[in-house]
Amino acid sequence: MSVSAVPQNRVRPALPVVAAVVVTVTAWASAFVAIRAVHAHFAAGPLALGRLVTGAVALTVALLATRTWVRPTAREWALVAGCGVVWFGLYNVALNAAEQRLDAGTSAMLVNVGPILIALLAGAFLGEGFPRGLLLGAGVAFGGVLLIGFAGRGGAAADPVGVALCLLSAAGWAVGVTLQKPALRRLPALQVTQMACVVGMLTTLPFAGGLAHDLRSATAGSIAGVLYLGLVPTALAFGTWAYALSRMNAGRLGVTTYLVPPLTILLAWPLLSETPHVLALVGGAIALAGVALARRR
């Protein structure tokens with residue numbers, strides 16, 4: 001169904017799109033917790049490869065089951081390949097390395113400078129412009145995210161290398177979305193996700209030896225965590241993200257992921273015993289308010 005007759009930023013998303021956003025945000029929040037939970041048994045590169053192998057297999061099975069394949073043009077191949085390298089590959093390795101040094105909530109907060117970069121890149125390169133409501137909502141939400149970061153875990157200083165790795169992840173995410181959006185204009189969301197995941201997997205193949213080593217020494221629970229990361233936050237959530245992105249503009253969709261840090265903190269609290277500071281909860285509320293503001297018609 002085409003919505004080209006009405007500007008995307010004036011269309012209220014349909015229920016399936018809203019559901020896709022909810023699934024994506026929830027699953028990505030759980031990914032920060034899962035990465036932190038298995039980091040003692042899997043190094044950054046091997047964990048990324050294990051996650052992407054699992055996701056690529058699941059997405060390939062789903063693509064074969066639907067029997068939908070649109071032959072990409074050379075430009076579309078380049079866009080999807082670039083997305084796979086910088087988002088599926090670089091992003092995952094950098095984030096895994098960051099969470100070797102930082103707690104899940106702080107990592108989620110830092111990575112979520114990504115939506116601001118997405119909005120800026122989308123406005124500059126995808127013709128989405130810079131709507132006042134989007135920028136205002138992004139600013140309010142980012143203020144809440146910063147408050148979460150300042151709260152930390154009782155005032156402990158964040159590891160500077162971990163912070164830099166999170167910011168690198170955010171940049172990879174933003175560039176990946178900017179490359180992905182044009183490919184979704186003609187190619188199905190599932191196909192784009194599968195292609196990018198396979199490219200990301202190939203990018204991380206140099207870590208195959210490390211993955212084999214880590215699998216031999218890892219606990220069953222940690223191996224299950226890797227499988228979860230591949231099936232839910234990767235295969236499912238990247239797929240629902242692509243579906244929503246094909247029906248929304250990149251800037252507005254990116255802002256909805258400000259929900260990820262508050263959800264990550266809430267999940268990490270009971271599962272990882274990473275108790276949030278009261279200021280983090282206040283920051284989460286502000287972030288939610290910013291998302292609501294940016295999503296107004």
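Okay, let's start with Val 17: setting aside neighbours within four places in sequence, Val 17 is in contact with Tyr 243, Ala 244, Arg 247 and Met 248, where contact means heavy atoms within 4.5 Å. Before going on, a word on what we're looking at: this is a predicted model, where local features need pLDDT of at least 70 and side-chain atom pairs count only at pLDDT 80 or more, while totals for chains, interfaces and linings use all residues. Residues are numbered from 1 along each chain as its sequence is written, and side-chain values use heavy atoms, with hydrogens and water left out.

Back to Val 17. You'll find Val 17 in helix H1, residues 15-38; helices here are DSSP runs of H or I, at least four residues, numbered from the N terminus. Val 17 counts as buried because its relative accessibility is 4%. Buried means under 20% relative accessible area, exposed is over 50%, and partly exposed is in between, with a 1.4 Å probe and protein chains only.

Take Ala 14 and Val 53: 39 residues apart in sequence, and 32 Å apart in space from C-alpha to C-alpha.

Now, the core. Which residues have the most contacts inside the largest nonpolar core? They are Trp 28, Phe 32, Trp 87, Phe 88, Trp 173, Val 177 and Trp 241, in a core of 79 residues. By nonpolar core I mean a set of buried Ala, Val, Leu, Ile, Met, Phe, Trp, Tyr and Cys residues joined through side-chain atoms within 4.5 Å. H1 gives the most to this core, 13 residues. If you click on Trp 173, its contacts beyond four places in sequence include Trp 28, Trp 87 and Trp 241, and also Tyr 91, Pro 115 and Ile 118.

Next, a helix pair. Helix H2 (residues 44-66) packs against helix H8 (residues 189-203) at an angle of about 150 degrees, and their axes are 9 Å apart. The axes are lines fitted to C-alpha atoms, for helices over the stretch in contact, and angles run from 0 to 180 degrees between N-to-C directions. From H2, the contact residues include Leu 49, Leu 52, Gly 55, Ala 56 and Leu 59, and from H8 they include Leu 190, Gln 194, Cys 197 and Met 201. Sorted by class, that contact has eleven nonpolar, seven polar and no charged residues. For the classes, Ala, Val, Leu, Ile, Met, Phe, Trp, Tyr, Cys and Pro are nonpolar, Asp, Glu, Lys and Arg are charged, and the others, Gly among them, are polar.

Some of those residues come back when we move to helix H10, where Thr 234 is found. Beyond four places in sequence, Thr 234 touches Arg 51, Leu 52, Gly 55, Cys 197, Leu 229 and Gly 239. Is Thr 234 buried or exposed? Buried, because its relative accessibility is 1%. A polar atom of the Thr 234 side chain also lies 2.8 Å from the backbone oxygen of Leu 229.

Leu 236 is in H10 too, residues 220-245. Leu 236 has a relative accessible area of 42%, so it is partly exposed. Not counting residues up to four places away, Leu 236 touches Val 23 and Leu 231.

Most residues other than glycine have a negative phi. Arg 67 isn't a glycine, but its phi is positive, about 55 degrees. Arg 67 sits in the loop between H2 and helix H3 (74-98), and it is exposed because its relative accessible area is 77%. Then there's Ser 273, also not a glycine, with a positive phi near 60 degrees. Ser 273 is in the loop between H12 and helix H13 (278-294), and at 55% relative accessibility it counts as exposed. As for H12, residues 260-272, its buried residues are Val 260, Pro 261, Pro 262, Thr 264, Ile 265 and Ala 268.

Definitions and conventions
Helix = DSSP H or I, 4+ residues; strand = E, 2+ residues; numbered from the N terminus. Polar contact = N/O pair within 3.5 Å; in protein donor to acceptor, adjacent residues only side chain to side chain.
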